[in-house]
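Student: Hi! I've got a two-chain model open and would like to talk it through with you. Could you load it so that we're both looking at it?
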Amino acid sequence: MSTAATEEITLTRKDFISDQTVRWCPGCGDYSILAQMQRILPETGVAKEKTVFISGIGCSSRFPYYMNTYGIHSIHGRAPALATGLAIANPELSIWVITGDGDGLSIGGNHLLHAIRRNVNLNIVLFNNRIYGLTKGQYSPTSRPGTVTKSSPMGSVEQPLNPIAVALAAEATFVARSIDSHPQHLAAILERTAEHQGASFLEIYQNCVIFNPNEWTELSDRRNRDDSILYLEHGKHMIFGKNRDKGIRLNGFTPEVVSLDEVDLDEVLVHDATSRPLASILGSMEFPDYPAAMGVIRDVRKPDYGGEMMAQVETAQAQRGAGDLNQLYLAADLWTVEEREEAEEREITPVASDLDEMPITGLDEEYIDEMEKPAEALSEFQDLLVTSTLAELEPNVPITIGKRSSLARTIRQMNRHNIGCVVVTDEEDRLVGIFTEWDVLNRVAGLVDDLAQQTITDYMTPDPLTLKSDLPIAQALNLMSIHGFRHLPLVDDSGHPTGIVSFRDVVGYLNEALEED
Amino acid sequence: MTLQNDLKSELVSHLVVSGFSQVAAGTPVRDTLARMRADRQVVCLVVDGDEAAAVRLVGIFTERDVMRKVIDVPGMLDRPVDEVMTPDPITIGPDASAADALRLMDENHVRNLPVVDRSGRLLGIMAHQAIIQFLADRYPVEVLNRPIDPEQFPRKAEGG
C-alpha cells in the first residue's frame, strides 16, 4: 500500500516510539520487527497522524501500543475487517494490519482472505511463530505435524496452513516473506510492503523465544542461513548458498535444487514477480525440502477496493445528486413499538460481590516456570553479551564541551585529544548533544568560513540516544547494528555524561574476552 | 565459543562491508568532500585511471584526515586530495577471514580496510561496523531482540 507523502517535516525513528512499556518477553523476535518498523517509517515519508496500526489479539497484536501513531487493538481476528472500513472511510491513511499465525489464520482466517481478495489498500504483516504464545504454548494453524505442545502432547495431527499459499489463493497482489533475525532484509521488505498500492501481504518468520525457540534455527543461524534461504530478486536467477553455488530448476511442474557445477545457468529459474504460476511454485517450496524463499514473491498492480468503490460513489452522485441520510432512514418501513400498559418490574440480579474475594489462581505459574527454566546451551559468548555491562568496557571519560563553545574551539579539543566524538553539555554539565567527525565532514569542512564565529549547538546532533553503564553490551550492539551509530554516549541517572562507547571499543572487548580461557 | 572462533570461519566476502566514495587522483579536496557528502560516505578511495576502465587504488581519504589535515589548514581545500590522503593503503581480499581482517586493522591502527579482489576490483570497506552487523545477525536473540528503550522494560515476566 502506498500513500503520497504529505508532510514536509522530516521525521525520525524517535517520532514513532511511544511512551508505553514494551511487554514482550526478553529475546522475543517482535522486538526486532518493531525496531525495523520504527526505522523504515520515517523513510516512507508518511506523516505520523496519517499512519494507523490495527491489530487483533495475541503477542504481536500489542504492536499498536508501541507505535506513536494512531492504533486500534481490536477484536480477535477482526483487524482486517476494521482496517477495511477505515481504508474506505479515509483513503488518505496508511494502514498497517498486524496479526499472527493464530489471529490471522485461525480466528480471523476468513477476514484475512476477504481483505486480500478485495485488494483493500492495506499493509498486512503476519508474524508467524507457529505457536500460540500469549495463551502459553498451544499448537497453531501453522504448527508442523508432530509438533508437541500443551494441547498436542502426542504431536499435532493437523495439516498446517501455508500463509503464502493462503494469500495467493485470495489472489493477493503483493506477497512477500522475511525473517526477524535478518534486519537488513526485513527493513527492505517492509519498505516494499509499504510502497505497494493495494493489499500487501508480508509473512515474517518470528521467533517465540519461550514456547517455540527452535522453530527457525536453521534459517536464523548466521553461519548457515545462506544455504537455507533463497533470496528472491525480480529478473535475477534463483541462485543461493553461502558460496552461491546452488540454483532452482523446474523439472516438469516440480522445482528442484541443482548444483551450479553440474547445471548450466540457462536452466536455472529466473524470478518474475509478475508471474502467478511462479508465485505458487515458490509458495509451495517448504523448508527443509527446499530453501525458504525470502523477498517479494509476487508484486502486481490491480485496482484497489477503495478507489473502485469511490469511483462508483462519484458516478452515482453525478447521476442522482448527493444523497440525504435522513431521507434514507425515513424512506424505510417504519413502525412504533407501543409501551405495555402493565409493565412488570424486572428483578435485577445482583452482581456476585464475593467475586472480589476469589483467590487468584496460579495461572501464571506455568509461564513463569517456562521463563525461569535455564536457557538452553547458551554459549559463554552469548552469556557475555547479555551479562557484561557497558561499564566493563571501561569506556573513556568523555571529552565534554560547553554548549556555548565555538566550532573552532570544539575542533581544537577533538584534535588535541585525538578523538572523533565530543559530548556537548549545558551549564549543569548535562548532556545536550553529540558532535562527531562525520558532522565536521558533512556540515563544516569547506562550508563554514569562520569557525570561531559559529556555536557548536548549531552543528551538533541534539538529544542523542544515550545508555546507562549498567546495561548489557548487547544493548549497545543493538543500537549500533540497527542505526549504524558509531558512538554511543553513556550518562548517569541525572543525565551527566560518564563515557563514550565506540564500535571499536565493543569489538575490541569482545575479541579479547574469553581469550585467556 | 569465542568471537575469535566465530570470525575465523567467516569470510570477508560474507560480511556486510561498508560503501565508499571514489575520486580520481588530482581531484581537489573541496570536490572530494562534496562527493563524500553526496554519497554519505566517511571513506573516499583515490584511484588512478579512467573510471570505466580498470582503475588502480592509490590512496584512501577518511573523515579522520578531514579532522587532522584539512579543517584548520588554510588553503588546503583547493589542493589535490593526493596531499592529504594515505597513499598505498593496506587492503584485504574477499577470501580472507574476518579474524584476519580484524587483526590487520589492529596491528596497523587503521579503521578502514579496502576490500579488493584479485582482478583489482574495489568491493567495499571492511570496518568495525561489519563485525557489529555480524554479531547482530549471529546472535539475534541476544542482540536484536532487545527492548527499544531499556528504561521501559517489564521488571517481571508476563505474557503478551
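Student: What is the handedness of the crossing of α18(A) and α5(B)?
Tutor: α18(A) and α5(B) make a left-handed crossing, meaning that the near helix is turned anticlockwise from the far one by less than a right angle (clockwise would be right-handed). Keep in mind that this is a predicted model, where local features need pLDDT of at least 70, side-chain atom pairs count only at pLDDT 80 or more, and totals for chains, interfaces and linings use all residues. Residues are numbered from 1 along each chain as its sequence is written, while chains are lettered from A and ligands numbered from 1 in the order in which they are written.

Student: At what angle do the axes of α18 of chain A and α5 of chain B cross?
Tutor: Roughly 60°, and the axes of α18 (residues 503–512) of chain A and α5 (residues 128–138) of chain B come within 9 Å. Axes here are lines fitted to C-alpha atoms, for helices over the stretch in contact, with angles from 0 to 180 degrees between N-to-C directions. Helices (H or I, at least four residues) and strands (E, at least two) are DSSP runs, numbered from the N terminus.

Student: So what do we call that arrangement of α18(A) and α5(B)?
Tutor: α18(A) and α5(B) are therefore oblique to each other. The cut-offs are under 35 degrees for roughly parallel, over 145 for roughly antiparallel, 65 to 115 for roughly perpendicular, and oblique for the rest.

Student: Which residues meet in α18(A) and α5(B)?
Tutor: From α18(A) there are Phe503(A), Arg504(A), Val506(A) and Val507(A), which meet His128(B), Gln129(B), Ile131(B) and Ile132(B) of α5(B). Contact means C-beta atoms, placed from the backbone, within 7 Å. By class, this contact of α18(A) with α5(B) has five nonpolar, two polar and one charged residues. Nonpolar covers Ala, Val, Leu, Ile, Met, Phe, Trp, Tyr, Cys and Pro, charged covers Asp, Glu, Lys and Arg, and the others, Gly among them, are polar.

Student: Zooming out, how many residues does the contact take from each chain?
Tutor: Chain A gives 64 residues and chain B gives 50 residues. On the side of chain B that touches chain A, the largest share, ten residues, comes from α5(B). That side of chain B has 28 nonpolar, ten polar and twelve charged residues.

Student: New topic: what is the strand order in the four-strand sheet of chain A?
Tutor: The order is β12-β13-β14-β15 in chain A, an open sheet with mixed pairing. β12 (400–402) and β15 (461–462) of chain A each have a single partner strand, so one side of each has no neighbour in the sheet. Two strands pair if DSSP finds at least two bridges between them.

Student: How many bridges join β13 to β14 of chain A?
Tutor: Five, and β13 (residues 421–425) and β14 (residues 431–436) of chain A run antiparallel. Cys421(A), for instance, has Thr436(A) in β14(A) as its bridge partner.

Student: Which helix lies across β12, β13 and β14 of chain A?
Tutor: That's α15 (residues 407–417) of chain A, running at about 135° to β13(A).

Student: Last one: where is the cis peptide bond?
Tutor: The cis bond joins Phe287(A) and Pro288(A), with omega about 10°. Pro288(A) sits in the loop between α10 (276–284) and β11 (292–299) of chain A.

Student: And which residue has a positive phi although it is not a glycine?
Tutor: Arg130(A), with phi about 55°. Look for Arg130(A) in the loop between β4 (123–128) and α6 (163–169) of chain A.

Technical notes: Two residues are in contact if their C-beta atoms, placed from the backbone, lie within 7 Å.
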